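Dear colleague,

Please find below the structure I am handing over to you. My notes on it come after the display.

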Amino acid sequence: MERNVVSLKTAKKLKAAGFPGVSMWHYADGIDPSDELFFAQFSGLTQLDIAAPTAQEVADQLPRKIGDYCLFLEYGDDGTLWACYRVVDSKADYMLYAEAETMAEALALLWLKINEPQ
């Protein structure tokens, strides 16, 4: 399941940045082991509950377009996944991108870039 959701480190960053805490998966922070995932149909009932969003749950929070730039998921030359905004007809015209080993993590890192304080 760990490859389908963001890491605990990224989940904490998302929570701190105001990402909606709605997910079917959660980390139990403060419980040993803290990186253990649990399935729940609730969210935010305790301070120990940190949402662990799936790739789809993160993608649902990202804009599909920013100006002329569209959201894409691509593989890098080394096999990593890229979540990026680029012009449809150009492989080189990137506005923003994030790179990670999993789709959920790449999308979450992109969300964090978009939502970092200016």
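This is a predicted model: local features need pLDDT of at least 70, side-chain atom pairs count only at pLDDT 80 or more; totals for chains, interfaces and linings use all residues.

Residues are numbered from 1 along each chain as its sequence is written, and side-chain values use heavy atoms, with hydrogens and water left out.

Helix α1 spans residues 8-16 (helices are DSSP runs of H or I, at least four residues; strands are runs of E, at least two; both are numbered from the N terminus). Its residues Leu8, Thr10, Ala11 and Leu14 are buried (under 20% relative accessible area; exposed is over 50% and partly exposed in between, with a 1.4 Å probe and protein chains only). Seen down the helix axis, these buried residues fall within an arc of 160 degrees, so they line one face of α1 (the arc is that of the directions from the axis to the C-beta atoms). Lys9 and Ala16, on the other side of α1, are exposed. The cover over the buried residues includes β1 (25-28), β3 (49-51) and α3 (103-114), where contact means heavy atoms within 4.5 Å. Gly18, which follows α1, has a positive phi near 90 degrees.

Two salt bridges were found in the whole structure (a side-chain nitrogen of Lys or Arg within 4 Å of a carboxyl oxygen of Asp or Glu). Glu74 pairs with Arg86 at 2.4 Å, N to O. This pair links strand β5 (residues 69-75) to strand β6 (residues 81-87), its members being twelve residues apart, and both Glu74 and Arg86 are buried. Asp60 forms a salt bridge with Arg64, with 3.8 Å between the closest N and O atoms. Asp60 is partly exposed at 45% relative accessible area, and Arg64 is partly exposed at 47%.

With kind regards
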